[in-house]
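Student: I've got a new model open and I'd like to talk it through. Can we start with the surface charges?

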Amino acid sequence: MDKKMTIWQGDITTLKVDAIVNAANKSLLGGGGVDGAIHQAAGPELLQATKKLGGAKTGEAKITKGFKLPARYVIHTVGPIYKNGLNNEAQLLAKCYKNSLALAQKHHLKTIAFSAISTGVYGYPLDEATEICVSTVKKILPEMKNVEEVIFVVFDEPTKEVYENTFEQLGI
Ligand code: AR6
């Protein structure tokens, strides 16, 4: 079966997919940005569930149900805080995508929507983060036999343009 990679602009909390990927922090207990929006839309049961996970390290991914969200599951991954690019940021960001996809594969999930991890509060330069994100997914998606579609969710127009350019550069 052909794998699909697509770009979609809007609010990730509205997507009826198997899993949405949250840009969380190490506590996994919620925060601002997309994390705050996901907790808000999922309802308080999500916080009850993430409290049981015991946090996560940068680059790790953990899964909960979606509760009140249209998405069945939420994969919580912790992106690197960008300092100067010399602190393993690129490897850690790639790990977020790899570990999230591995979890989706393990749970037999077919459709997975990613937020643009680390590109908001965590300050990762958008061009670099998008290159890492799209090339990492493109490379490992063929190994993830259960995963059929990856949706890159972009919240605003400038981010959409960067994703579209990156798709073009990578021949997608
Ligand atoms: N749907 C889709 N994308 C969104 C939404 C939404 N509803 N809201 C924001 N974005 P950020 P980070 C985009 O800051 O940089 C939190 O407090 C946003 O425009 O949410 O990984 C956590 O608890 C940007 O492109 O995540 C952590 O402490 C992208 O989501 C910290 O922020 C990621 O921006 C994580 O920072």
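This is a predicted model: local features need pLDDT of at least 70, side-chain atom pairs count only at pLDDT 80 or more; totals for chains, interfaces and linings use all residues.

**Charges and fold**

Tutor: Residues are numbered from 1 along each chain as its sequence is written, and side-chain values use heavy atoms, without hydrogens and water.

Student: Does Lys57 count as buried or exposed?

Tutor: Buried means under 20% relative accessible area, exposed over 50%, and partly exposed in between (1.4 Å probe, protein chains only). Lys57 has 58% relative accessibility, so Lys57 counts as exposed.

Student: Which residue forms a salt bridge with Asp18?

Tutor: A salt bridge needs a side-chain nitrogen of Lys or Arg within 4 Å of a carboxyl oxygen of Asp or Glu. Here the closest N and O atoms are 2.9 Å apart, and the partner of Asp18 is Arg72.

Student: How many residues apart are Asp18 and Arg72?

Tutor: The structure holds one salt bridge. That pair links distant parts of the chain, with Asp18 in the loop between strand 1 (4-9) and strand 2 (19-24) and Arg72 in the loop between strand 3 and strand 4 (73-78); the separation is 54 residues.

Student: What share of the 172 residues in the protein chain is buried?

Tutor: Asp18 is one of the buried residues, at a relative accessible area of 13%. For the protein chain, the buried share is 47%.

Technical notes:
Helices (H or I, at least four residues) and strands (E, at least two) are DSSP runs, numbered from the N terminus.
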